[in-house]
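Colleague: Please pick one part of this model and look at it closely. Tell me what pairs and packs there, with the cut-offs.

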Amino acid sequence: MGVVNVTPDSFSDGGRWFTPDAAVAHGLSLLADGADLLDVGGESTRPGAARVPVGEELDRVLPVVRALVAHGAVVSVDTTRAEVAAAAVAAGAVVVNDVSGGLAEPEIHEVVARTGVVYVAMHWRGHADVMDSLAVYDDVVVDVRRELAARVDALRAAGVADHQVVLDPGLGFAKPGAANWPLLARLPELVADGFPVLVGASRKRFLGHLLAGPDGTPVPPERRDGATAAVSALAAAAGAWCVRVHEVRGTADAVRVAARWTAEAPSGKDDR
Ligand code: PMM
């Protein structure tokens, strides 16, 4: 999944593709690099970010969704708002990627039930302005799985079918740096819950800290793509269904390596 942020302020690529034409051109270049799916978002979820009015989010997202669909792209809309999800699906999006899992606007689940699209429920505890204060866990993997299971209950209650649902541990969202690593290392526990899993590690802060020099200064977002590709390969090998990234080519190659590698691994049955 290639990221098309139509925002002036995303942490990793804010402002670079803010006009519709620039965003569409960027989406097409991600497809050429090997993306299977493009995730179009009009609201930054960067820690501390303020909300965007719904009209502005619609104005940012809809022309880009329409144009990319017209070019034959499979498009996902990255939104927490029911109205934006409904409008984007009407414009041709086939996936709703909701970083709040329906906690921001529960009515979004009704849109998903009515339209039959795929829905990514990400683990989330609050909007960007407050999320850092909500990052308290006993066992982060157990807690995230339990809270995602509650989202699945809410989806079923709204009439969404299980085959529409994808789960995402929400790396970096109300997760202090060190909490992201067990979520990755223990990804098979989330995969074992039976839903396709999406991983969004691309260029995130915890990777910047991992790669920091001796003075502790994190490397900047655009220097985190190698680490992102490594996470993509490991996540794919651990059973992830999708990885959401800004720089597609390195990750597409890394995922191919993982697929070839795991195809050769012993299947578990003893046929020697
Ligand atoms: N991360 C961001 C935005 N949307 N969606 C999902 N499903 N998972 C994520 O981890 C995720 C997301 C934040 O990154 P960005 O501001 O660079 O898009």
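**The sheet and its packing**

Modeller: Val95 stands opposite Val118 in E5. Strand E4 (residues 95–98) and strand E5 (residues 118–122) run parallel, joined by four bridges. Helices (H or I, at least four residues) and strands (E, at least two) are DSSP runs, numbered from the N terminus. Two strands count as paired if DSSP finds at least two bridges between them.

The model is predicted: local features need pLDDT of at least 70, side-chain atom pairs count only at pLDDT 80 or more, and totals for chains, interfaces and linings use all residues. Numbering starts from 1 along each chain as its sequence is written, and side-chain values use heavy atoms, without hydrogens or water.

Now the whole sheet. It is open, has six strands in the order E1-E2-E3-E4-E5-E6, and pairs in parallel. E1 and strand E6 (165–168) are the edges, each pairing on one side only. Neighbouring strands are turned by 25° against each other on average, direction ignored. Angles run from 0 to 180 degrees between N-to-C directions, with axes fitted to C-alpha atoms, for helices over the stretch in contact.

Two helices pack on this sheet. Helix H1 (residues 20–32) touches E1 and E2, and its direction makes about 175° with that of E1. Helix H2 (residues 54–70) touches E1, E2 and strand E3 (75–78), at about 155° to the direction of E2. Contact means heavy atoms within 4.5 Å.

Four bridges pair E1 with strand E2 (residues 38–41) in the parallel sense. Val3 has Asp39 as its bridge partner in E2. From E1 (residues 2–5), Gly2 and Val4 point one way, Val3 and Asn5 the other, and all are buried (under 20% relative accessible area, 1.4 Å probe, protein chains only).

Val4 leads on to the core. The largest nonpolar core has 68 residues; Val4, Val40 and Val96 are among those with the most contacts inside it. Such a core joins buried Ala, Val, Leu, Ile, Met, Phe, Trp, Tyr and Cys residues through side-chain atoms within 4.5 Å. Apart from it lies another core, of seven residues, including Leu37 and Cys242.

Val96 touches Ala85, Val89 and Ile108, among others, not counting residues up to four places away in sequence. Ala85 and Val89 of H3 also meet H4, where Ile108 is one of the residues involved. Helix H3 (residues 82–90) packs on helix H4 (residues 108–115) at about 20°, axes 8 Å apart. H3 is therefore roughly parallel to H4 (angles under 35 degrees).

Methods: Buried < 20%, exposed > 50% of the residue type's maximum accessible area, 1.4 Å probe, protein only. Parallel < 35°, antiparallel > 145°, perpendicular 65-115°, else oblique.
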